[in-house]
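Let's take a walk through this model together, one side chain at a time. Have the viewer open and follow along.

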Amino acid sequence: MNFLRILMKQHSSYRSISLAVKRLNENNQKLDVLKLPRQRSQELTEIFNEETVLKPPIHSEPFTELSSQTNESTELPSQIDEYIDSLGPPLPISFNLAAYVNRSESLQQLVHLGVDLSEIEKKPDRAKFVLNLEFEKHVKPYIQFLHDHGVNVDDMGKLFTKNIFIFKENIEDLETRINYLRSKKFSSEAIARIITNNPYFLSLQTKEVDSRLGLYQKQFSLSGNEVRYLVTKCPKLVTYSLTKFREKLLTMKEELGFTNDEMKKLLLMKPKVWMLGRAQVKERFNVVHNLMGISHEMIIKNPEIFTRRGFIIKQRHLYLVHLNLAQYDPSLPLYVSLYDLVVTTDSEFCEKCAKTSVEKYNEFLKTL
């Protein structure tokens with residue numbers, strides 16, 4: 001009924017315009033260009049003839065499944081639904097996989113493995129995918145494959161939670177990627193660590209992995225052993241965005257002034273630094289280098305400074321300045337370890353570096 005009202009309003013407006021134009025054309029022949037097509041005018045006359053009985057438009061697709069006993073309580077056709085949806089943003093699709101667990105053996109087995117369904121259901125495409133999995137057919141072969149290559153059963157839940165789409169991969173392709181690592185002389189223990197710590201590694205094609213390892217080796221003049229050490233220590237670097245990595249490389253060299261040798265040492269000692277945001281790296285470097293006066297050489301020896309928030313480092317430094325203890329040169333008395341400055345808790349910092357109580361430190365922070 002609502003649909004018919006909309007049509008009537010539209011045709012009513014059209015009819016009014018048609019009549020107005022007709023009257024103008026009768027008074028002034030120069031307005032012939034405004035005449036509406038005769039056929040359309042006739043159609044409107046027929047539609048709005050008082051003796052004509054209005055009939056609903058015939059649609060072949062949307063109405064084929066409707067019962068012949070349709071009444072006013074019947075749901076609106078799909079075309080009307082689409083029109084209403086277009087008036088505003090679509091509602092987000094949501095899933096609650098917990099509601100399916102009691103009826104799905106596959107979900108029960110995944111939960112038993114330690115898979116976090118609450119994380120998977122945050123993305124509808126992953127939720128839909130996991131609902132269609134059959135444990136014996138789609139999951140069990142991958143568990144066996146991973147176990148055969150050294151992945152601990154206790155780690156599989158985390159792996160599948162991060163990369164549920166690993167079940168889309170062909171087992172033969174996964175075996176090829178494992179064989180590639182073996183050809184590059186990675187040990188079985190290293191392979192198991194790489195797969196466990198980077199669930200997306202096996203989803204990357206062999207050519208792509210080889211290209212990325214070649215990039216790191218060439219850019220930092222790494223030996224074969226250094227490449228294996230880097231990948232084993234930080235497997236996530238292999239699947240990290242190359243665009244962001246190149247941006248970080250430019251920042252380190254051009255903006256922060258690190259040499260190629262210093263960047264190589266930083267990469268091998270703390271590869272996680274290369275996956276931090278540019279703004280984070282610049283902020284922490286500014287605090288340590290420009291405010292605290294720490295040299296590039298000392299920063300390389302203590303790369304942990306990049307893993308702590310800049311404002312925390314600044315607060316602790318200012319407290320040491322307040323106590324006349326801000327002395328970071330190991331060759332001088334009352335030396336304060338940069339490592340202890342950035343990796344400790346507040347209580348540990350006060351005990352090891354400031355030699356005061358946490359209460360006094362908290363009181364000082366209120367003055368900042």
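Is Phe285 buried or exposed? Phe285 is buried, because its relative accessible area is 6%, and buried here means under 20% relative accessible area, while exposed means over 50% and partly exposed covers what lies in between (1.4 Å probe, protein chains only). Before going further, keep in mind that this is a predicted model, where local features need pLDDT of at least 70, side-chain atom pairs count only at pLDDT 80 or more, and totals for chains, interfaces and linings use all residues. Residues are numbered from 1 along each chain as its sequence is written, and side-chain values use heavy atoms, with hydrogens and water left out.

Now for the rings. The structure holds 11 aromatic pairs. One of them joins Phe258 and Phe285, edge-to-face, at 5.6 Å centre to centre with 65° between the planes. The rule is that rings of Phe, Tyr and Trp (its six-membered ring) pair if their centres lie within 6.5 Å; planes under 30 degrees apart count as stacked, over 60 as edge-to-face and the rest as tilted. This pair links distant parts of the chain, 27 residues apart: Phe258 sits in the loop between helix 14 (242–255) and helix 15 (260–269), and Phe285 is in helix 16 (residues 278–291). Helices are DSSP runs (H or I, at least four residues), numbered from the N terminus. Phe258 is buried too, since its relative accessible area is 3%.

Elsewhere, ring pairs tie Tyr216, Phe220, Phe245 and Trp274 into a cluster. A ring can also have a charge over it: Lys168 lies over the face of Phe129, 5.4 Å from the ring centre. That label requires NZ of Lys or CZ of Arg within 6 Å of the ring centre and within 35 degrees of the ring normal.

Next, hop to Arg316, in helix 18 (residues 310–322). Arg316 counts as buried because its relative accessibility is 0%. A polar atom of its side chain lies 2.8 Å from the backbone oxygen of Leu341. Leaving aside residues up to four places away in sequence, Arg316 touches (heavy atoms within 4.5 Å) several residues, including Arg308, Asp340, Asp346, Phe349 and Tyr361.

Finally, two loop residues with positive phi. Ser221, in the loop between helix 12 (206–220) and helix 13 (224–233), has a phi near 55° without being a glycine. Ser221 counts as exposed because its relative accessible area is 55%. Lys355 has a phi of about 60° and is not a glycine either; look for Lys355 in the loop between helix 20 (346–354) and helix 21 (358–365). With a relative accessible area of 61%, Lys355 is exposed.

How values were computed: Polar contact = N/O pair within 3.5 Å; in protein donor to acceptor, adjacent residues only side chain to side chain.
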